[in-house]
Amino acid sequence: MSSLGKTVPILTVLTALTALWYAGAVWMNAPFERDQAERAGTTVSFSEIVSNTMSQERPVLPAPHQVIEEIYKTTVLKKITSKRSLIYHSWITLSATLLGFIIGTALGIALAVGIVHNRAMDKSVMPWVITSQTIPILAIAPMIIVVLNAMGLSGLLPKALISTYLSFFPVVVGMVKGLRAPERAQLDLMYTYSATPAQTFWKLRWPSSMPYLFTSLKIAVAISLVGAIVGELPTGAVAGLGARLLAGSYYGQMIQIWSALFMAAFLAAALVMLVGVAHSYVLRRMGEKPGAAAA
Amino acid sequence: MIVVIGALVFWMAMWWLNQRLVGIDPGTNTALARGINLAVPSIFGVTLLVLWEGITRGLEVPTVLLPPPSMIWERIANSLPVLWADFQQTFLKAVLAGYILGCGSGFLVALAIDRSPFLQRGLLPLGNFVSALPIIGVAPIMVMWFGFDWQSKAAVVVIMTFFPMLVNTVQGLAAADQMQHDLMRTYASSWWQTLTKLRLPTAAPFIFNALKINSTLALIGAIVAEFFGTPIVGMGFRISTEVGRMNVDMVWAEIAVAALAGSAFYGAVALIERAVTFWHPSVRSGRT
(Lines give C-alpha, C1' and ligand atoms only; values in the text may rest on other atoms or scores of the structure.)
Protein backbone atom coordinates (compact mmCIF):
# COMPACT_ATOMS: atom_id res chain seq x y z
CA MET A 1 0.00 0.00 0.00
CA SER A 2 1.70 3.19 -1.14
CA SER A 3 1.58 6.36 0.91
CA LEU A 4 -0.49 7.99 -1.82
CA GLY A 5 -2.99 5.19 -1.47
CA LYS A 6 -3.65 6.42 2.04
CA THR A 7 -3.44 10.18 1.68
CA VAL A 8 -6.15 10.49 -0.95
CA PRO A 9 -8.82 8.69 1.10
CA ILE A 10 -7.85 10.55 4.25
CA LEU A 11 -8.01 13.88 2.48
CA THR A 12 -11.38 12.97 0.99
CA VAL A 13 -12.78 12.06 4.38
CA LEU A 14 -11.35 15.24 5.89
CA THR A 15 -12.88 17.37 3.14
CA ALA A 16 -16.22 15.65 3.64
CA LEU A 17 -16.00 16.29 7.38
CA THR A 18 -15.24 19.98 6.84
CA ALA A 19 -18.16 20.31 4.45
CA LEU A 20 -20.39 18.57 7.00
CA TRP A 21 -19.10 20.94 9.66
CA TYR A 22 -19.98 24.01 7.57
CA ALA A 23 -23.41 22.59 6.86
CA GLY A 24 -23.86 21.89 10.55
CA ALA A 25 -22.77 25.42 11.44
CA VAL A 26 -25.39 26.87 9.10
CA TRP A 27 -28.07 24.53 10.35
CA MET A 28 -27.39 25.00 14.06
CA ASN A 29 -26.81 28.74 13.94
CA ALA A 30 -29.75 29.53 11.68
CA PRO A 31 -32.45 29.59 14.40
CA PHE A 32 -30.63 32.46 16.09
CA GLU A 33 -30.53 34.46 12.86
CA ARG A 34 -34.23 33.82 12.14
CA ASP A 35 -35.03 34.82 15.68
CA GLN A 36 -33.09 38.06 15.29
CA ALA A 37 -34.82 38.84 12.02
CA GLU A 38 -38.23 38.13 13.51
CA ARG A 39 -37.56 40.49 16.38
CA ALA A 40 -36.45 43.18 13.97
CA GLY A 41 -39.60 42.58 11.96
CA THR A 42 -37.75 41.65 8.80
CA THR A 43 -37.22 38.42 6.93
CA VAL A 44 -33.88 37.02 5.91
CA SER A 45 -33.19 35.16 2.72
CA PHE A 46 -31.37 31.86 2.78
CA SER A 47 -28.15 33.29 1.41
CA GLU A 48 -28.17 35.95 4.11
CA ILE A 49 -28.59 33.30 6.78
CA VAL A 50 -25.66 31.36 5.36
CA SER A 51 -23.34 34.34 5.32
CA ASN A 52 -24.46 35.47 8.79
CA THR A 53 -24.01 32.07 10.40
CA MET A 54 -20.38 32.07 9.29
CA SER A 55 -19.47 34.99 11.52
CA GLN A 56 -21.67 34.97 14.60
CA GLU A 57 -20.29 36.44 17.78
CA ARG A 58 -21.52 33.52 19.91
CA PRO A 59 -22.38 30.67 17.59
CA VAL A 60 -23.86 27.39 18.74
CA LEU A 61 -21.36 25.72 16.42
CA PRO A 62 -18.55 27.96 15.21
CA ALA A 63 -17.50 27.58 11.60
CA PRO A 64 -14.04 26.05 11.05
CA HIS A 65 -12.49 29.29 9.83
CA GLN A 66 -13.67 31.08 12.99
CA VAL A 67 -11.85 28.52 15.11
CA ILE A 68 -8.69 28.77 13.02
CA GLU A 69 -8.86 32.55 13.19
CA GLU A 70 -9.20 32.41 16.97
CA ILE A 71 -6.25 30.03 17.27
CA TYR A 72 -4.17 32.30 15.06
CA LYS A 73 -5.16 35.34 17.11
CA THR A 74 -4.36 33.72 20.43
CA THR A 75 -1.10 32.08 19.43
CA VAL A 76 0.71 34.22 16.86
CA LEU A 77 -0.71 37.63 17.62
CA LYS A 78 -0.59 37.47 21.42
CA LYS A 79 2.56 37.68 23.46
CA ILE A 80 3.47 34.32 24.98
CA THR A 81 3.44 35.72 28.50
CA SER A 82 -0.07 37.11 28.05
CA LYS A 83 -2.84 35.40 30.05
CA ARG A 84 -4.88 35.27 26.88
CA SER A 85 -2.26 33.49 24.84
CA LEU A 86 -3.16 29.93 24.02
CA ILE A 87 0.53 29.02 23.97
CA TYR A 88 0.83 30.10 27.59
CA HIS A 89 -2.10 27.86 28.58
CA SER A 90 -0.81 25.00 26.45
CA TRP A 91 2.57 25.20 28.13
CA ILE A 92 0.99 24.96 31.58
CA THR A 93 -0.92 21.87 30.54
CA LEU A 94 2.04 20.42 28.70
CA SER A 95 4.44 20.80 31.64
CA ALA A 96 2.04 18.99 33.97
CA THR A 97 1.54 16.31 31.32
CA LEU A 98 5.25 15.73 30.85
CA LEU A 99 6.06 15.69 34.56
CA GLY A 100 3.25 13.21 35.20
CA PHE A 101 4.28 11.14 32.22
CA ILE A 102 7.88 10.89 33.40
CA ILE A 103 6.94 9.97 36.99
CA GLY A 104 4.33 7.53 35.72
CA THR A 105 6.77 5.86 33.35
CA ALA A 106 9.43 5.52 36.06
CA LEU A 107 6.90 4.11 38.52
CA GLY A 108 5.47 1.77 35.92
CA ILE A 109 8.87 0.39 34.96
CA ALA A 110 9.84 -0.05 38.61
CA LEU A 111 6.62 -1.93 39.36
CA ALA A 112 7.05 -4.09 36.27
CA VAL A 113 10.62 -5.00 37.28
CA GLY A 114 9.35 -5.94 40.73
CA ILE A 115 6.51 -8.01 39.31
CA VAL A 116 8.78 -9.88 36.93
CA HIS A 117 11.39 -10.69 39.57
CA ASN A 118 9.21 -11.44 42.59
CA ARG A 119 6.55 -14.14 42.46
CA ALA A 120 4.59 -12.88 45.44
CA MET A 121 4.43 -9.41 43.93
CA ASP A 122 3.30 -10.87 40.63
CA LYS A 123 0.43 -12.74 42.23
CA SER A 124 -0.66 -10.03 44.64
CA VAL A 125 0.04 -6.70 42.93
CA MET A 126 -0.92 -7.50 39.35
CA PRO A 127 -4.64 -8.13 39.96
CA TRP A 128 -4.85 -4.83 41.84
CA VAL A 129 -3.07 -2.93 39.13
CA ILE A 130 -5.72 -4.24 36.74
CA THR A 131 -8.53 -3.44 39.17
CA SER A 132 -7.22 0.10 39.48
CA GLN A 133 -7.88 0.48 35.78
CA THR A 134 -11.57 -0.36 36.09
CA ILE A 135 -11.94 2.48 38.59
CA PRO A 136 -12.83 5.77 36.95
CA ILE A 137 -9.73 7.40 38.36
CA LEU A 138 -10.45 10.73 36.68
CA ALA A 139 -13.38 11.03 39.05
CA ILE A 140 -10.94 11.39 41.94
CA ALA A 141 -9.07 14.14 40.10
CA PRO A 142 -10.89 17.10 41.63
CA MET A 143 -10.51 15.69 45.11
CA ILE A 144 -6.80 15.06 44.75
CA ILE A 145 -6.35 18.63 43.55
CA VAL A 146 -8.39 20.16 46.35
CA VAL A 147 -6.86 17.97 49.03
CA LEU A 148 -3.31 18.64 47.88
CA ASN A 149 -4.11 22.33 47.72
CA ALA A 150 -5.29 22.14 51.33
CA MET A 151 -1.94 20.57 52.20
CA GLY A 152 -0.17 23.50 50.61
CA LEU A 153 0.79 21.69 47.44
CA SER A 154 -0.45 23.61 44.46
CA GLY A 155 0.48 24.35 40.92
CA LEU A 156 2.15 21.74 38.80
CA LEU A 157 2.50 18.71 41.05
CA PRO A 158 -1.13 17.82 41.84
CA LYS A 159 -2.04 17.80 38.15
CA ALA A 160 1.08 15.82 37.36
CA LEU A 161 0.08 13.25 39.98
CA ILE A 162 -3.20 12.62 38.19
CA SER A 163 -1.31 12.16 34.96
CA THR A 164 1.01 9.79 36.82
CA TYR A 165 -1.86 7.69 38.08
CA LEU A 166 -3.29 7.39 34.61
CA SER A 167 -0.06 6.76 32.76
CA PHE A 168 1.60 4.18 35.01
CA PHE A 169 -0.94 1.48 34.14
CA PRO A 170 -0.22 0.97 30.44
CA VAL A 171 3.50 1.07 31.21
CA VAL A 172 3.22 -1.64 33.88
CA VAL A 173 1.17 -3.92 31.65
CA GLY A 174 3.38 -3.37 28.62
CA MET A 175 6.65 -3.72 30.50
CA VAL A 176 5.62 -6.89 32.30
CA LYS A 177 4.81 -8.37 28.93
CA GLY A 178 8.03 -7.00 27.45
CA LEU A 179 10.35 -8.15 30.23
CA ARG A 180 8.84 -11.61 29.88
CA ALA A 181 9.25 -11.57 26.11
CA PRO A 182 12.63 -13.37 26.01
CA GLU A 183 12.19 -17.04 25.28
CA ARG A 184 13.24 -19.89 27.49
CA ALA A 185 16.16 -20.70 25.16
CA GLN A 186 17.51 -17.16 25.39
CA LEU A 187 17.28 -17.20 29.19
CA ASP A 188 19.02 -20.57 29.20
CA LEU A 189 21.78 -19.15 27.05
CA MET A 190 22.34 -16.36 29.57
CA TYR A 191 22.44 -19.06 32.24
CA THR A 192 25.14 -20.98 30.39
CA TYR A 193 27.19 -17.76 30.25
CA SER A 194 26.71 -17.74 34.05
CA ALA A 195 25.30 -14.25 33.74
CA THR A 196 24.25 -12.53 36.95
CA PRO A 197 20.58 -11.52 37.27
CA ALA A 198 21.64 -7.90 36.64
CA GLN A 199 23.42 -8.88 33.44
CA THR A 200 20.46 -10.94 32.28
CA PHE A 201 18.26 -7.96 32.95
CA TRP A 202 20.34 -5.33 31.15
CA LYS A 203 21.55 -7.42 28.25
CA LEU A 204 18.49 -9.54 27.53
CA ARG A 205 15.25 -8.54 29.23
CA TRP A 206 15.61 -4.77 28.95
CA PRO A 207 16.44 -4.64 25.23
CA SER A 208 13.73 -7.13 24.31
CA SER A 209 11.13 -5.09 26.17
CA MET A 210 11.74 -1.92 24.15
CA PRO A 211 9.03 -2.41 21.49
CA TYR A 212 6.48 -3.09 24.23
CA LEU A 213 7.67 -0.09 26.22
CA PHE A 214 7.22 2.35 23.38
CA THR A 215 3.80 1.01 22.43
CA SER A 216 2.74 1.58 26.03
CA LEU A 217 4.36 4.99 26.12
CA LYS A 218 2.21 6.15 23.23
CA ILE A 219 -0.93 5.28 25.17
CA ALA A 220 0.54 6.68 28.37
CA VAL A 221 1.43 10.09 26.94
CA ALA A 222 -2.03 10.53 25.39
CA ILE A 223 -3.75 9.60 28.63
CA SER A 224 -1.40 11.86 30.64
CA LEU A 225 -2.65 14.81 28.63
CA VAL A 226 -6.25 13.89 29.42
CA GLY A 227 -5.29 13.66 33.09
CA ALA A 228 -3.66 17.07 33.10
CA ILE A 229 -6.64 18.66 31.36
CA VAL A 230 -9.17 17.14 33.73
CA GLY A 231 -6.89 18.05 36.64
CA GLU A 232 -7.23 21.70 35.69
CA LEU A 233 -11.01 21.69 35.90
CA PRO A 234 -11.49 22.06 39.66
CA THR A 235 -8.75 24.61 40.27
CA GLY A 236 -11.23 27.37 39.57
CA ALA A 237 -10.22 27.80 35.96
CA VAL A 238 -6.95 29.61 36.59
CA ALA A 239 -4.72 28.51 33.75
CA GLY A 240 -4.24 25.69 31.32
CA LEU A 241 -6.26 24.19 28.50
CA GLY A 242 -8.72 22.56 30.90
CA ALA A 243 -9.28 25.92 32.54
CA ARG A 244 -9.93 27.45 29.11
CA LEU A 245 -12.54 24.78 28.46
CA LEU A 246 -14.24 25.43 31.80
CA ALA A 247 -14.12 29.22 31.43
CA GLY A 248 -15.50 28.90 27.93
CA SER A 249 -18.39 26.80 29.17
CA TYR A 250 -19.14 29.26 32.00
CA TYR A 251 -19.29 32.26 29.69
CA GLY A 252 -20.76 30.52 26.65
CA GLN A 253 -17.67 31.19 24.52
CA MET A 254 -17.98 28.39 22.01
CA ILE A 255 -15.11 29.62 19.86
CA GLN A 256 -12.79 29.58 22.86
CA ILE A 257 -13.79 26.01 23.74
CA TRP A 258 -13.22 24.83 20.20
CA SER A 259 -9.84 26.49 19.91
CA ALA A 260 -8.71 25.01 23.24
CA LEU A 261 -9.95 21.65 22.01
CA PHE A 262 -7.99 21.93 18.78
CA MET A 263 -4.90 22.95 20.68
CA ALA A 264 -5.29 19.89 22.92
CA ALA A 265 -5.71 17.68 19.87
CA PHE A 266 -2.61 19.20 18.33
CA LEU A 267 -0.61 18.62 21.53
CA ALA A 268 -1.78 15.01 21.75
CA ALA A 269 -0.84 14.35 18.14
CA ALA A 270 2.58 15.97 18.58
CA LEU A 271 3.33 14.02 21.77
CA VAL A 272 2.33 10.68 20.28
CA MET A 273 4.39 11.44 17.20
CA LEU A 274 7.43 12.34 19.30
CA VAL A 275 7.21 9.01 21.11
CA GLY A 276 6.90 7.32 17.72
CA VAL A 277 10.06 9.04 16.49
CA ALA A 278 11.94 8.03 19.64
CA HIS A 279 10.66 4.50 19.13
CA SER A 280 12.03 4.14 15.62
CA TYR A 281 15.29 5.81 16.65
CA VAL A 282 15.87 3.36 19.49
CA LEU A 283 14.93 0.40 17.32
CA ARG A 284 17.36 1.53 14.65
CA ARG A 285 20.13 1.92 17.22
CA MET A 286 19.41 -1.60 18.40
CA GLY A 287 19.95 -2.88 14.89
CA GLU A 288 16.35 -3.40 13.85
CA LYS A 289 16.18 -3.98 10.12
CA PRO A 290 14.05 -1.42 8.29
CA GLY A 291 10.68 -2.87 7.40
CA ALA A 292 10.87 -5.48 10.13
CA ALA A 293 9.46 -3.15 12.79
CA ALA A 294 7.42 -4.78 15.53
CA ALA A 295 3.71 -4.44 15.05
CA MET B 1 1.33 4.71 67.59
CA ILE B 2 0.44 1.18 68.68
CA VAL B 3 -2.21 1.06 65.96
CA VAL B 4 0.38 1.91 63.32
CA ILE B 5 2.80 -0.73 64.57
CA GLY B 6 -0.06 -3.22 64.70
CA ALA B 7 -0.95 -2.45 61.10
CA LEU B 8 2.68 -2.80 60.03
CA VAL B 9 3.03 -6.12 61.85
CA PHE B 10 -0.16 -7.30 60.19
CA TRP B 11 1.29 -6.26 56.83
CA MET B 12 4.50 -8.22 57.48
CA ALA B 13 2.55 -11.28 58.55
CA MET B 14 0.36 -11.15 55.48
CA TRP B 15 3.36 -10.63 53.23
CA TRP B 16 4.97 -13.71 54.73
CA LEU B 17 1.73 -15.67 54.32
CA ASN B 18 1.52 -14.66 50.66
CA GLN B 19 5.13 -15.67 50.09
CA ARG B 20 4.33 -19.08 51.56
CA LEU B 21 1.12 -19.39 49.54
CA VAL B 22 2.76 -18.76 46.17
CA GLY B 23 5.47 -21.24 47.18
CA ILE B 24 2.92 -24.08 47.40
CA ASP B 25 2.94 -26.29 44.37
CA PRO B 26 -0.66 -27.34 43.76
CA GLY B 27 0.31 -30.03 41.28
CA THR B 28 -2.76 -31.33 39.51
CA ASN B 29 -5.13 -30.10 42.20
CA THR B 30 -6.93 -27.37 40.21
CA ALA B 31 -9.25 -26.43 43.09
CA LEU B 32 -6.24 -25.71 45.29
CA ALA B 33 -4.54 -23.73 42.52
CA ARG B 34 -7.67 -21.66 41.98
CA GLY B 35 -8.01 -21.14 45.72
CA ILE B 36 -4.43 -19.84 45.95
CA ASN B 37 -4.94 -17.58 42.95
CA LEU B 38 -7.99 -16.10 44.65
CA ALA B 39 -6.53 -15.94 48.14
CA VAL B 40 -3.29 -14.11 47.32
CA PRO B 41 -4.81 -10.96 45.82
CA SER B 42 -7.61 -10.94 48.40
CA ILE B 43 -5.10 -11.06 51.22
CA PHE B 44 -3.20 -8.24 49.56
CA GLY B 45 -6.40 -6.17 49.29
CA VAL B 46 -7.36 -6.77 52.93
CA THR B 47 -3.81 -5.85 53.94
CA LEU B 48 -4.06 -2.59 52.04
CA LEU B 49 -7.33 -1.76 53.84
CA VAL B 50 -5.86 -2.63 57.25
CA LEU B 51 -2.74 -0.58 56.56
CA TRP B 52 -4.89 2.33 55.40
CA GLU B 53 -7.10 2.11 58.49
CA GLY B 54 -4.15 1.71 60.84
CA ILE B 55 -2.10 4.55 59.44
CA THR B 56 -4.95 7.05 59.17
CA ARG B 57 -6.17 6.27 62.71
CA GLY B 58 -2.76 5.77 64.27
CA LEU B 59 -1.06 8.86 62.85
CA GLU B 60 -4.30 10.84 63.18
CA VAL B 61 -4.29 11.91 59.59
CA PRO B 62 -6.96 14.62 59.29
CA THR B 63 -10.08 13.05 57.76
CA VAL B 64 -10.19 15.89 55.24
CA LEU B 65 -7.09 14.39 53.68
CA LEU B 66 -7.85 10.70 53.82
CA PRO B 67 -10.68 9.22 55.85
CA PRO B 68 -10.18 5.66 57.17
CA PRO B 69 -12.09 2.92 55.30
CA SER B 70 -14.41 2.27 58.24
CA MET B 71 -15.63 5.88 58.12
CA ILE B 72 -16.23 5.62 54.36
CA TRP B 73 -18.16 2.40 54.91
CA GLU B 74 -20.29 4.07 57.57
CA ARG B 75 -21.04 6.90 55.18
CA ILE B 76 -22.03 4.49 52.44
CA ALA B 77 -24.37 2.65 54.79
CA ASN B 78 -25.92 5.92 55.99
CA SER B 79 -26.56 7.58 52.66
CA LEU B 80 -27.78 4.77 50.46
CA PRO B 81 -30.75 6.73 49.00
CA VAL B 82 -28.52 9.59 47.84
CA LEU B 83 -25.97 7.19 46.37
CA TRP B 84 -28.71 5.23 44.63
CA ALA B 85 -30.19 8.40 43.10
CA ASP B 86 -26.76 9.47 41.84
CA PHE B 87 -26.11 5.99 40.50
CA GLN B 88 -29.43 6.02 38.65
CA GLN B 89 -28.78 9.43 37.13
CA THR B 90 -25.19 8.81 36.05
CA PHE B 91 -24.95 5.12 35.40
CA LEU B 92 -28.39 3.83 34.49
CA LYS B 93 -29.25 6.83 32.34
CA ALA B 94 -26.17 8.55 30.94
CA VAL B 95 -23.65 5.71 30.84
CA LEU B 96 -25.89 2.91 29.60
CA ALA B 97 -27.70 5.01 26.99
CA GLY B 98 -24.45 6.51 25.70
CA TYR B 99 -22.66 3.16 25.76
CA ILE B 100 -25.34 1.36 23.77
CA LEU B 101 -25.71 4.20 21.26
CA GLY B 102 -21.97 4.75 20.86
CA CYS B 103 -21.00 1.11 20.53
CA GLY B 104 -24.00 0.37 18.33
CA SER B 105 -23.32 3.23 15.93
CA GLY B 106 -19.60 2.45 15.82
CA PHE B 107 -20.45 -1.14 14.91
CA LEU B 108 -22.98 -0.12 12.26
CA VAL B 109 -20.65 2.41 10.65
CA ALA B 110 -17.92 -0.24 10.54
CA LEU B 111 -20.34 -2.57 8.73
CA ALA B 112 -21.39 0.22 6.40
CA ILE B 113 -17.86 1.06 5.29
CA ASP B 114 -16.97 -2.61 5.09
CA ARG B 115 -17.58 -2.76 1.34
CA SER B 116 -15.60 0.39 0.59
CA PRO B 117 -11.84 -0.03 1.00
CA PHE B 118 -11.54 3.64 0.04
CA LEU B 119 -13.57 4.80 3.05
CA GLN B 120 -11.81 2.31 5.29
CA ARG B 121 -8.40 3.65 4.37
CA GLY B 122 -9.66 7.17 4.95
CA LEU B 123 -11.50 6.54 8.22
CA LEU B 124 -9.18 4.10 9.99
CA PRO B 125 -6.14 6.38 10.47
CA LEU B 126 -8.50 9.17 11.51
CA GLY B 127 -10.24 6.88 13.97
CA ASN B 128 -6.88 5.85 15.42
CA PHE B 129 -5.86 9.48 15.65
CA VAL B 130 -9.09 10.51 17.35
CA SER B 131 -8.67 7.70 19.91
CA ALA B 132 -5.49 9.42 21.13
CA LEU B 133 -7.21 12.79 21.51
CA PRO B 134 -8.55 14.18 24.76
CA ILE B 135 -12.15 13.68 23.63
CA ILE B 136 -13.37 14.44 27.12
CA GLY B 137 -12.91 18.10 26.12
CA VAL B 138 -16.10 18.03 24.07
CA ALA B 139 -18.04 17.78 27.34
CA PRO B 140 -18.68 21.54 27.67
CA ILE B 141 -19.85 21.70 24.06
CA MET B 142 -22.26 18.83 24.59
CA VAL B 143 -23.57 20.41 27.78
CA MET B 144 -24.36 23.55 25.80
CA TRP B 145 -26.02 21.68 22.98
CA PHE B 146 -28.06 19.15 24.90
CA GLY B 147 -28.69 20.89 28.19
CA PHE B 148 -27.78 20.01 31.77
CA ASP B 149 -29.61 16.72 32.10
CA TRP B 150 -28.29 13.24 31.34
CA GLN B 151 -28.70 13.58 27.57
CA SER B 152 -25.57 15.74 27.28
CA LYS B 153 -23.57 13.21 29.31
CA ALA B 154 -24.85 10.40 27.12
CA ALA B 155 -23.72 12.41 24.08
CA VAL B 156 -20.19 12.67 25.50
CA VAL B 157 -20.20 8.92 26.14
CA VAL B 158 -21.40 8.27 22.58
CA ILE B 159 -18.49 10.23 21.12
CA MET B 160 -15.96 8.62 23.45
CA THR B 161 -17.09 5.07 22.74
CA PHE B 162 -17.73 5.45 19.01
CA PHE B 163 -14.15 5.48 17.73
CA PRO B 164 -12.66 2.54 19.65
CA MET B 165 -15.64 0.48 18.49
CA LEU B 166 -15.27 1.59 14.88
CA VAL B 167 -11.55 0.88 14.69
CA ASN B 168 -11.76 -2.48 16.45
CA THR B 169 -14.72 -3.69 14.42
CA VAL B 170 -13.08 -2.79 11.12
CA GLN B 171 -9.92 -4.60 12.21
CA GLY B 172 -11.92 -7.57 13.40
CA LEU B 173 -13.87 -7.83 10.16
CA ALA B 174 -10.56 -8.06 8.32
CA ALA B 175 -9.28 -10.78 10.66
CA ALA B 176 -10.62 -13.82 8.78
CA ASP B 177 -7.87 -15.10 6.50
CA GLN B 178 -8.00 -15.66 2.77
CA MET B 179 -8.32 -19.43 3.04
CA GLN B 180 -11.51 -19.13 5.10
CA HIS B 181 -12.91 -16.59 2.64
CA ASP B 182 -12.19 -18.97 -0.21
CA LEU B 183 -13.99 -21.74 1.61
CA MET B 184 -17.07 -19.54 2.00
CA ARG B 185 -16.84 -18.80 -1.72
CA THR B 186 -16.81 -22.48 -2.60
CA TYR B 187 -19.99 -22.81 -0.54
CA ALA B 188 -21.40 -20.04 -2.78
CA SER B 189 -22.35 -18.09 0.32
CA SER B 190 -23.64 -14.56 -0.02
CA TRP B 191 -21.96 -11.52 1.55
CA TRP B 192 -24.51 -11.66 4.32
CA GLN B 193 -23.88 -15.34 5.05
CA THR B 194 -20.13 -14.82 5.03
CA LEU B 195 -20.64 -11.97 7.47
CA THR B 196 -22.79 -13.80 9.98
CA LYS B 197 -21.14 -17.22 9.75
CA LEU B 198 -17.47 -16.34 9.33
CA ARG B 199 -16.50 -12.72 9.75
CA LEU B 200 -18.57 -11.66 12.75
CA PRO B 201 -17.44 -14.67 14.82
CA THR B 202 -13.79 -14.01 13.95
CA ALA B 203 -14.34 -10.33 14.73
CA ALA B 204 -15.85 -11.11 18.12
CA PRO B 205 -12.60 -10.92 20.14
CA PHE B 206 -11.87 -7.50 18.63
CA ILE B 207 -15.39 -6.27 19.25
CA PHE B 208 -15.31 -7.42 22.86
CA ASN B 209 -11.97 -5.73 23.31
CA ALA B 210 -13.63 -2.47 22.28
CA LEU B 211 -16.62 -3.17 24.52
CA LYS B 212 -14.28 -3.65 27.49
CA ILE B 213 -12.26 -0.52 26.78
CA ASN B 214 -15.49 1.40 26.35
CA SER B 215 -17.00 0.18 29.62
CA THR B 216 -14.36 2.12 31.58
CA LEU B 217 -14.31 5.06 29.17
CA ALA B 218 -18.08 5.47 29.42
CA LEU B 219 -18.12 5.84 33.20
CA ILE B 220 -15.22 8.29 33.18
CA GLY B 221 -16.83 10.32 30.41
CA ALA B 222 -20.17 10.59 32.18
CA ILE B 223 -18.65 11.57 35.52
CA VAL B 224 -16.27 14.15 34.10
CA ALA B 225 -19.01 15.61 31.88
CA GLU B 226 -21.00 16.31 35.02
CA PHE B 227 -18.27 18.65 36.22
CA PHE B 228 -19.37 21.02 33.46
CA GLY B 229 -22.93 21.43 34.58
CA THR B 230 -25.64 19.10 35.76
CA PRO B 231 -28.93 18.99 37.65
CA ILE B 232 -28.48 18.55 41.39
CA VAL B 233 -28.04 14.80 41.17
CA GLY B 234 -25.35 12.57 39.72
CA MET B 235 -22.05 11.06 40.76
CA GLY B 236 -19.87 13.72 39.17
CA PHE B 237 -22.04 16.47 40.65
CA ARG B 238 -21.87 14.91 44.13
CA ILE B 239 -18.11 14.53 43.94
CA SER B 240 -17.46 18.12 42.89
CA THR B 241 -19.87 19.69 45.40
CA GLU B 242 -18.86 17.52 48.37
CA VAL B 243 -15.22 18.30 47.66
CA GLY B 244 -16.12 21.97 47.88
CA ARG B 245 -17.79 21.34 51.25
CA MET B 246 -14.83 19.25 52.43
CA ASN B 247 -17.06 16.21 53.01
CA VAL B 248 -14.34 13.92 51.84
CA ASP B 249 -15.95 10.77 53.24
CA MET B 250 -18.95 11.31 50.96
CA VAL B 251 -16.61 11.75 48.00
CA TRP B 252 -14.90 8.48 48.82
CA ALA B 253 -18.26 6.78 49.21
CA GLU B 254 -19.18 7.98 45.73
CA ILE B 255 -15.84 6.79 44.38
CA ALA B 256 -16.36 3.39 45.96
CA VAL B 257 -19.73 3.16 44.21
CA ALA B 258 -18.13 4.24 40.92
CA ALA B 259 -15.35 1.68 41.32
CA LEU B 260 -17.85 -1.04 42.12
CA ALA B 261 -20.06 -0.10 39.18
CA GLY B 262 -17.07 0.13 36.85
CA SER B 263 -15.69 -3.24 37.91
CA ALA B 264 -19.10 -4.89 37.71
CA PHE B 265 -19.71 -3.43 34.26
CA TYR B 266 -16.30 -4.61 33.05
CA GLY B 267 -16.83 -7.99 34.64
CA ALA B 268 -20.22 -8.41 33.01
CA VAL B 269 -18.78 -7.65 29.58
CA ALA B 270 -15.90 -10.06 30.23
CA LEU B 271 -18.35 -12.82 31.25
CA ILE B 272 -20.41 -12.33 28.09
CA GLU B 273 -17.15 -12.44 26.12
CA ARG B 274 -16.23 -15.79 27.66
CA ALA B 275 -19.63 -17.19 26.74
CA VAL B 276 -19.57 -15.86 23.17
CA THR B 277 -15.94 -16.45 22.23
CA PHE B 278 -15.60 -19.78 24.04
CA TRP B 279 -13.50 -21.06 21.14
CA HIS B 280 -10.77 -18.45 21.50
CA PRO B 281 -7.36 -19.69 22.79
CA SER B 282 -7.22 -17.08 25.57
CA VAL B 283 -10.51 -18.38 26.98
CA ARG B 284 -9.85 -22.07 26.40
CA SER B 285 -6.49 -22.08 28.16
CA GLY B 286 -8.14 -20.57 31.23
CA ARG B 287 -10.45 -23.57 31.54
CA THR B 288 -8.00 -26.34 30.73
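Visitor: Is the crossing of H4(A) and H12(A) left-handed or right-handed?
Guide: Right-handed. The rule looks at how the near helix is turned from the far one, by less than a right angle: anticlockwise is left-handed, clockwise is right-handed. This is a predicted model, where local features need pLDDT of at least 70 and side-chain atom pairs 80 or more, while totals for chains, interfaces and linings use all residues. Residues are numbered from 1 along each chain as its sequence is written, and chains are lettered from A and ligands numbered from 1 in the order in which they are written.

Visitor: Why are H4(A) and H12(A) called oblique to each other?
Guide: Helix H4 of chain A covers residues 86-117, and its axis crosses that of H12(A) at roughly 50°, coming within 11 Å of it. Angles run from 0 to 180 degrees between N-to-C directions, and axes are lines fitted to C-alpha atoms, for helices over the stretch in contact. Under 35 degrees is roughly parallel, over 145 roughly antiparallel, 65 to 115 roughly perpendicular, and the rest oblique. H4(A) and H12(A) are therefore oblique.

Visitor: Which residues of H4(A) and H12(A) meet?
Guide: A:Leu86, A:Ser90 and A:Leu94 from H4(A) meet A:Ser259, A:Met263 and A:Leu267 from H12(A). Contact here is C-beta atoms, placed from the backbone, within 7 Å. By class that's four nonpolar, two polar and no charged residues. (Nonpolar covers Ala, Val, Leu, Ile, Met, Phe, Trp, Tyr, Cys and Pro; charged is Asp, Glu, Lys and Arg; the others, Gly among them, are polar.)

Visitor: Over in chain B, what angle do H4(B) and H11(B) make?
Guide: About 50°, with the axes of H4(B), residues 80-112, and H11(B) 11 Å apart. That makes H4(B) oblique to H11(B). The crossing of H4(B) and H11(B) is right-handed. B:Leu83, B:Asp86, B:Phe87 and B:Phe91 of H4(B) touch B:Ala253, B:Glu254, B:Val257 and B:Ala261 of H11(B). Six of the residues in this contact are nonpolar, none polar and two charged.

Visitor: What makes H9(B) roughly antiparallel to H11(B)?
Guide: H9(B) is residues 191-226, H11(B) is residues 248-276, and they pack at about 170° with their axes 10 Å apart. So H9(B) comes out roughly antiparallel to H11(B). The contact includes B:Phe208 and B:Leu211 of H9(B) and B:Phe265 and B:Tyr266 of H11(B). Its classes are twelve nonpolar, three polar and two charged residues.

Visitor: What is the secondary structure of chain B?
Guide: Twelve helices and zero strands. Those are DSSP runs, numbered from the N terminus: H or I over at least four residues for helices, E over at least two for strands.

Definitions and conventions:
Contact = placed C-beta atoms within 7 Å.
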